[in-house]
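Dear colleague,

Please find below the structure that I am handing over to you, together with its sequence. My notes on what was found in it follow directly after.

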Amino acid sequence: MAKTKEISRRIKSVSSTKKITRAMEMVSAAKMRKTIEAVLKTRTYANLSWETVLRLAELSTKRSEPLHPFLKARKKINKVAIILITANRGLCGGYNTAVISKAKESIAKHPLPTDFILAGKKGLSVYNQDFTVAAEFEKSEVLTDAREIYPIVKMVLSDYARKKYDKILVAYTDFINPAKQVPRVKQLLPIALTSDQYLGIVGHESGLATSREFLAEKAKKHLCLDGYNFEYTFEPSPKEVLNKLVPRLLEVQLYQAFLEANASEQSARMSAMHQATDAASDMVSELTLFYNKARQASITGEIAEISAGANALTE
Amino acid sequence: MANKTIQFEIVTPERVVLRQEILQATVPTASGEITILPDHIPLVSILEPGVIEVKRADNVMEIMAVSGGFIEVMCGKIVILADTAERAEELDEARIKEAKRKAEELKKTAKNKDDVEFTDIAVRLEKELARLHAVNRWRKLKSDGLNKNK
């Protein structure tokens with residue numbers, strides 16, 4: 001009797017947990033739809049602008065004088081900053097750990113003094129691992145306004161200009177589809193091409209990132225590189241145009257990274273909660289089986305006792 | 001006459017406004033209005049709030065209002081990265097006039113506000129003006145077209 005009671009208590013607790021996870025699944029499904037819509041809307045803009053910036057960077061390297069200070073890689077890199085975009089809350093599968101370990105991996109590859117700039121509460125776990133944190137920014141659960149990231153952009157650009165950092169990276173999770181998200185580290189500043197690096201046009205379909213070859217091919221198609229050297233004309237002047245263009249496009253890139261991260265977070269949470277709901281269902285049916293078995297056993301036991309008693313009387 | 005065309009693409013953070021083969025485009029840049037024809041030299045420039053006129057391959061004119069952004073011209077391709085952009089036929093004149101009025105009012109009362117707010121309002125006003133301009137231009141074009149048909 002005691003056994004069945006205990007099992008039925010467990011069934012109750014598991015099924016109420018299931019209710020919670022199902023509700024969370026629904027909530028994040030709704031949020032996911034919103035964030036995916038947002039990320040897909042800006043993707044074309046972000047990709048086109050990133051291509052423009054990279055073309056300018058490519059052009060800049062061919063010149064003796066760089067077009068803009070942000071387009072030139074510094075010779076000696078003393079300090080690096082990583083903008084780490086994580087979720088505010090857990091319960092989203094491996095989402096947070098994946099992006100954090102990706103960021104750490106990239107630090108391990110190039111062991112330089114590195115500062116973290118955090119966006120999202122779960123990033124705080126880097127504190128426990130002896131990393132320095134330069135700043136923490138609050139991140140809203142679903143980003144709706146580009147203005148929310150302006151403080152980050154402003155800080156990063158001025159720190160870079162003051163040479164506090166010589167390289168700015170952003171670690172985020174690229175949204176591929178609701179079932180697949182890939183953590184990625186992308187170089188934001190300086191905007192320069194290095195041969196071994198994936199250029200990471202944000203969320204470029206299943207190709208994930210765009211390689212140098214892709215860009216070269218595109219340049220060939222649109223810049224008439226056959227035969228003569230081409231040169232952009234800047235109106236009114238290169239300096240004026242680039243001073244406006246480059247910061248703006250960096251803003252767009254970071255904004256896009258945030259949107260990708262948001263969509264990934266909601267998708268990750270939805271599938272994690274879906275799995276939890278499924279697991280709870282399995283557990284409930286298993287426990288019900290045990291419960292019935294235990295109940296049957298106790299009934300059989302009782303009958304055996306009664307019939308044994310009856311037998312004893314007739315004898 | 002086989003006219004030469006150039007690929008034209010105008011995108012905003014929200015959507016792709018127009019992506020088409022065109023004959024020519026007139027855009028408001030920081031150093032004045034320019035018209036781009038196929039085989040234009042590569043160019044990068046800043047856009048001012050104003051009206052973009054595009055002649056499509058089928059000789060139909062498209063009018064659009066932009067509120068600033070950038071233009072990149074490559075061989076056989078024009079890319080416009082606009083902050084906001086609308087096609088004239090999507091715009092609602094009454095609403096624009098209302099928005100413009102509000103912005104003007106704000107500007108008047110904004111004398112004692114800080115610089116950031118003031119520029120914000122000024123930008124909004126410019127944007128509405130550009131939209132209004134686009135609608136007017138489009139209407140004129142349409143009535144001209146009707147007259148010709150008669």
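A residue is called buried when its relative accessible area is under 20%. Please bear in mind throughout that this is a predicted model.

By that cut-off, strand 6 of chain B, residues 77-82, is mostly covered, with 6 of its 6 residues buried. Lys77(B), Val79(B) and Leu81(B) point to one side of this strand, while Ile78(B), Ile80(B) and Ala82(B) point the other way. The residues on both sides are buried, Lys77(B) among them.

Strand 6 of chain B pairs with two strands described here. With strand 1 of chain B, residues 6-11, it runs parallel, and 5 bridges join the two. Within strand 6 of chain B, Ile78(B) is the residue that stands opposite Phe8(B). With strand 5 of chain B, residues 61-74, the pairing is antiparallel and extends over 6 bridges. Here Glu72(B) has Val79(B) of strand 6 as its bridge partner. Strands 5 and 6 of chain B form a hairpin with 2 residues between them, and in this hairpin Gly76(B) adopts a positive phi near 75°.

I turn now to the contact between the two chains. Chain A contributes 27 residues to it and chain B contributes 30. The size of an interface is often expressed as the accessible area that is lost when the parts come together. For chain A and chain B, about 2,300 Å² is buried between them, and 67% of this lies on carbon and sulfur atoms.

As to polar interactions, 4 residue pairs are in polar contact across the interface of chain A and chain B, counting pairs with both residues at pLDDT 80 or more. The count of salt bridges between the chains is 1. In a salt bridge, the side chain of Arg248(A) meets that of Asp83(B), at 3.3 Å from N to O.

On the side of chain A that touches chain B, at least two residues each come from helix 1 (2-62), helix 4 (212-223), strand 6 (233-235) and helix 5 (238-314) of chain A. Helix 1 of chain A provides the largest share, 9 residues. By type, this side of chain A comprises 12 nonpolar, 6 polar and 9 charged residues.

With kind regards

Notes
Residues numbered from 1 in each chain as written. Chains lettered and ligands numbered in written order. Predicted model: local features only at pLDDT ≥ 70, side-chain atom pairs only at ≥ 80, totals over all residues. Heavy atoms only, no water. Buried < 20%, exposed > 50% of the residue type's maximum accessible area, 1.4 Å probe, protein only. Helix = DSSP H or I, 4+ residues; strand = E, 2+ residues; numbered from the N terminus. Pairing = 2+ DSSP bridges. Contact = heavy atoms within 4.5 Å. Buried area = accessible area lost by both parts, 1.4 Å probe. Salt bridge = Lys/Arg side-chain N within 4 Å of Asp/Glu carboxyl O. Polar contact = N/O pair within 3.5 Å; in protein donor to acceptor, adjacent residues only side chain to side chain. Nonpolar A, V, L, I, M, F, W, Y, C, P; charged D, E, K, R; others polar.
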